[in-house]
Each structure stands twice: as structure tokens, then as C-alpha cells.
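Hi,

Here is the structure I promised to pass on.

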Amino acid sequence: MQNQKATILYNRIIAPEHYRMGLRGPVDYSKARPGQFVMLRVADQLAPLLRRPFSIHRLISESGTPTGFEILYRVKGICWKCLGPLGAVLNCQRPCNARL
């Protein structure tokens, strides 16, 4: 697994308890595809102890170049509420064989 830091760009509510979060990291996302999974955890916190899997919903592009990705999630329990505010840094882990 490869670790990286991802910064929260936005966290928009799309329905009650459902959010769309944009993340940007130092990786080239040109080969990423919706449906690939990343494992996210709030950086520098012990709770929740384990990372949570999220599927990439959409790529974020600037000038035609992918610079980040979006995830969709539903807040259920305390683990989901602590993903962090805008500008917070998450620990992002992706499989070594991923095309990211």
C-alpha cells in the first residue's frame, strides 16, 4: 500500500446525511477511474483506528488535467462525522497495483 496526504477541498451536502467530498493530493490522477477504491483516515488521530474504504466517484480536473477526486458518503455513526473540516488533511492509502 502507498500512503499519501489528501486535502479536503469541499464537503457538500447533497441529501440528508449524504455528502460529496472533493480531495486533492500530490499524486497524478490521470489514470484513476471511478469505482477504484481508496482507504481514508483522519490524519494524526487515533480514532477511528482503521481506515475506511471509499470508491472514487468522479475526478476533479483543472485545465483538463485531473488533480483530485470526489467521493460520496453517508454519515452513519461517529466515524463518518470525524472526516474533518475544509482544508483538513486525510491519510489516503491506495493499492500498489492501482492505476493512480
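Before going on, some housekeeping. This is a predicted model, where local features need pLDDT of at least 70 and side-chain atom pairs count only at pLDDT 80 or more, while totals for chains, interfaces and linings use all residues. Residues are numbered from 1 along each chain as its sequence is written, and side-chain values use heavy atoms, with hydrogens and water left out.

Now the strands around β6. Strands here are DSSP runs of E with at least two residues, numbered from the N terminus, and two of them pair if DSSP finds at least two bridges between them. β2 and β6 run antiparallel and are joined by seven bridges. β5 and β6 are antiparallel as well, with five bridges, and here Leu59 has Phe69 as its bridge partner in β6.

Phe69 also turns up in the largest nonpolar core, which has 19 residues. (A nonpolar core is a set of buried Ala, Val, Leu, Ile, Met, Phe, Trp, Tyr and Cys residues joined through side-chain atoms within 4.5 Å; buried means under 20% relative accessible area, exposed over 50%, and partly exposed in between, with a 1.4 Å probe and protein chains only.) Phe69 is among the residues with the most contacts inside that core, as are Met21, Leu23 and Val38. The elements that give two or more residues to the core are β1, β2, β3, β6 and β7. Leaving aside neighbours within four places in sequence, the contacts of Phe69 (heavy atoms within 4.5 Å) include Met21, Tyr29, Ile56, Arg58 and Cys92.

Arg58 sits in strand β5, residues 58-62, and is partly exposed at 41% relative accessible area. Beyond neighbours within four places in sequence, Arg58 touches Arg20, Phe69 and Glu70.

Ser63, in the loop between β5 and β6, has a positive phi of about 55° although it is not a glycine. With 81% relative accessibility, Ser63 counts as exposed. Glu17, in the loop between β1 and β2, has a positive phi near 70° and is partly exposed at 43%.

Cheers

Definitions and conventions: Helix = DSSP H or I, 4+ residues; strand = E, 2+ residues; numbered from the N terminus.
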